[in-house]
Structures are given as C-alpha cells and as structure tokens.
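I opened this model to note its links, helices and turns. The entries below follow the order in which I looked things up.

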Amino acid sequence: MNLKTYAIAIAAVAILAGCATPNELRGRQVTFAASSTTPNAQQVLNCVAKGWEQETQQPVAVTNYGKGYTAVAESKTLFGMNTDFVIDSGNAKTGAAVFQLWSSMKPSATDKLIAIIQPCL
C-alpha cells in the first residue's frame, strides 16, 4: 500500500469513527436528564419529536423500547447514518415520566433540543 492510499484509509476510518448508533450513544454519559409530572412518556416524546421536526425539518422516530419509549433522530453522512440524539423514557412508579438524553450534536444544537424538551415536560 502506498503512502497516499494509507493516508486516505486513515482519514476514512477517522470520519467513520464519528458516526454513532443509538446503542453507542447510550453507552456514553447522559447529556440531559429530566422528569415530568405528566405520567405519559410517549405523549411527551411525541411533543419533543414534533417540536424538533418543526424547528429543524429532521424526522424523529418515536418507538417502543424496553418498558418505555425512545425517540431517535438520525442524519445522513458521507459514509452512512449518524444518530444525532436518543431520548429514552419510561413511566415511573411515582406517576411521573423520566427521560434521559444522549446527544452527538454540537452543544448549540443540543441546547436547542433541551429548550424544546422543557415545555413538553
């Protein structure tokens, strides 16, 4: 392998390393956690998904996950799909709903997402 091919291969691996799956994000430190007095976790995630889609035109999938729900937003990259954020939620025994957010987005985009989440709680 010549030096140019080797350099391109290293660059490709570095770029691919930036792509994350939902499970990879869940393996990282939680970006934001909250609880809601609304006992319906799915309703809150639907509110967040609608707000994010209106703000960014990026679709968010809300699905069943474990004993609760998850919201996932992904974006296309040059090398495939990247998970921008994952929000897992569930209804707590206290009657509230609890949420955990993992984000791979820039801090400014994550702050925008948190601003969308808060009124939904």
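Residues are numbered from 1 along each chain as its sequence is written, and side-chain values use heavy atoms, with hydrogens and water left out.

**Entry: overall layout.** I took helices (H or I, at least four residues) and strands (E, at least two) as DSSP runs, numbered from the N terminus. The protein has four helices and five strands. From the N terminus on, I read the order as α-α-β-α-β-β-β-β-α. Of its 121 residues, 36% count as buried. I counted a contact when heavy atoms lie within 4.5 Å. Among contacts between residues at least 6 apart in sequence, 54% join residues at least 24 apart.

**Entry: confidence.** pLDDT is the predictor's confidence in each residue, from 0 to 100. The mean for the protein is 85, and 85% of residues reach 70 or more. Where pLDDT is low, the predicted coordinates should not be read in detail.

**Entry: disulfide.** I searched for disulfides, meaning pairs of cysteine sulfur atoms within 2.5 Å. The whole structure gave one. It joins Cys47 to Cys120, with S to S at 2.0 Å. The pair links distant parts of the chain: Cys47 sits in helix H3 (residues 41–56) and Cys120 in helix H4 (residues 107–120), 73 residues apart. The link of Cys47 and Cys120 is left-handed, with -70° about the S-S bond. Are the two cysteines buried or exposed? Cys47 is partly exposed because its relative accessible area is 34%. Cys120 is buried, at 12%.

**Entry: helix H4.** I listed the buried residues of H4 as Thr110, Leu113, Ile114, Ile116, Ile117 and Cys120. Seen down the axis, they fall within an arc of 160°, so they line one face of the helix. That arc is taken from the directions from the helix axis to the C-beta atoms. The buried residues pack against strand E1 (32–36), H3, strand E4 (80–91) and strand E5 (97–103). The face turned away carries the exposed residues Pro107, Ser108, Asp111 and Pro119.

Entry: I called two strands paired if DSSP finds at least two bridges between them. Strands E2 (residues 61–65) and E3 (residues 68–77) run antiparallel and are joined by five bridges. Asn64 stands opposite Tyr69 in E3. E2 and E3 form a hairpin with two residues between them, and Gly66 in the turn has a positive phi of about 60°.

**Entry: Gln57.** I found Gln57 in the loop between H3 and E2. Gln57 has a positive phi of about 65° although it is not a glycine. Gln57 is exposed, since its relative accessible area is 65%.

Terms used
Predicted model: local features only at pLDDT ≥ 70, side-chain atom pairs only at ≥ 80, totals over all residues. Buried < 20%, exposed > 50% of the residue type's maximum accessible area, 1.4 Å probe, protein only.
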